[in-house]
Structures are given as C-alpha cells and as structure tokens.
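This report describes the fold and surface of one protein chain. The sequence and structure are shown first.

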Amino acid sequence: CWSSSLAVGIAVSLAGAELEASDSGFPDELILRVELYDFSAQEALRIQQQAAVTPHLEERREEILGMVDGGEARLVHAVSLIARLGSRAKSEDVESVPVVESFTWNEEARQLVPQFAEKEAGTIFEVDPSLAEDGETLDINFALEHHTGRPEMETITVPMGQGEASKEVTV
C-alpha cells in the first residue's frame with residue numbers, strides 16, 4: 001500500500017488562429033488545460049525533482065501517461081478553459097453530495113433517524129493570467145480546489161431508549 005498524491009499539470013497554449021495578438025505580442029486569450037493525476041507520493045517527488053533539473057515538461061507528461069497506462073496512476077480530472085489577459089477565468093465541476101452528519105433517536109418509532117447535510121465534491125479551478133512589467137513574461141496565478149468524497153468512518157454509541165442497552169454503530 002502506498003500513500004497517494006495528487007499531481008497537477010497545466011498546459012498553456014498561445015497558438016491558434018482564433019487568438020488575436022495584443023500589442024505585447026501575446027494573444028489576449030490563453031487556452032489552459034489542467035490535468036489532475038493520482039499516484040504515489042514517492043513518484044510525485046521523483047517527477048518534481050526531475051522537472052527541476054531538466055524541465056522538458058512534455059517528457060514528464062508522457063511519463064505520467066505511461067504510468068496511467070501501466071495502472072500506476074489514474075487521471076482524476078481534466079478541464080480546459082479560455083482565460084483573457086488581466087481577467088479571472090473560473091471552471092467549476094462540482095456536485096452537491098448528501099452526507100450523514102449525525103443521528104437522532106426517535107422515541108415514538110424507536111429508531112435512529114439520520115440527519116443529512118450537503119457537501120460539495122469536485123474541482124474548482126481559477127486562473128488570473130497577466131503580462132509582467134517587462135512586457136515579455138506571462139504570469140499565470142492559479143488556485144485549485146479538489147474535493148473528493150472519501151468516506152470517514154467513526155463508531156458512535158447510540159442510546160436505544162428506555163430499559164434497553166446502548167449500541168455501538170459505525171457511521
């Protein structure tokens with residue numbers, strides 16, 4: 001069993017006939033593709049160290065895709081979005097998931113009644129591309145949230161009413 005790590009890959013496309021260049025020579029819009037992969041923390045560290053020494057990003061991506069093909073990693077999420085220079089772009093792929101928050105005892109029915117709450121699970125990606133002061137460097141600030149609905153189990157003691165012993169329940 002290995003501990004899991006999410007790796008983020010971001011590709012930026014400056015090419016495309018539909019993109020018109022601004023005075024800086026950069027297009028006013030960028031196409032970004034974000035890919036989230038799940039693989040071992042050890043592999044994530046190894047790839048990060050390799051990228052620091054030889055930043056051939058396409059080679060790193062091919063390596064990760066090979067890991068996916070070999071069953072050592074999996075693609076968790078991928079999204080593409082268009083962002084304008086100087087403006088924030090946002091992509092949301094979330095859903096509301098009902099979760100059991102607690103239980104109450106219904107004395108009349110003599111049973112536990114679950115109390116539900118809604119939690120969001122999914123991916124939110126925000127990007128703010130801007131041109132640096134030198135007019136030649138593209139700065140891309142981004143924020144990424146990824147929530148998955150892994151179950152958290154806990155054992156609670158539930159009172160069973162008058163005269164009956166309490167029971168332990170795993171929720």
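## Strand pairing

Strand β5 (residues 111-131) pairs with β6 in the antiparallel sense, over 10 bridges. Two strands are taken to pair if DSSP finds at least two bridges between them. Within this pairing, N141 in β6 is the bridge partner of D128.

β5 and β6 belong to an open sheet of 3 strands in the order β4-β5-β6, with antiparallel pairing. The edge strands, each pairing on one side only, are β4 (89-106) and β6 (138-147). From one strand to the next, the twist averages 15°; axes are lines fitted to C-alpha atoms, and angles run from 0 to 180 degrees between N-to-C directions.

## Basis of the model

This is a predicted model, in which local features need pLDDT of at least 70, side-chain atom pairs count only at pLDDT 80 or more, and totals for chains, interfaces and linings use all residues. Residues are numbered from 1 along each chain as its sequence is written, and side-chain values use heavy atoms, with hydrogens and water left out.

## Chain overview

The protein chain has 2 helices and 8 strands, which follow the pattern β-β-α-α-β-β-β-β-β-β along the sequence. Helices (H or I, at least four residues) and strands (E, at least two) are DSSP runs numbered from the N terminus.

## Contacts and surface

Of contacts (heavy atoms within 4.5 Å) between residues at least 6 apart in sequence, 57% join residues at least 24 apart.

Of the 171 residues of the protein chain, 22% count as buried, meaning under 20% relative accessible area with a 1.4 Å probe, protein chains only. The accessible surface of the chain, from the Shrake-Rupley method with a 1.4 Å probe, comes to about 11700 Å², of which 49% belongs to carbon and sulfur atoms.

Notes:
Buried < 20%, exposed > 50% of the residue type's maximum accessible area, 1.4 Å probe, protein only.
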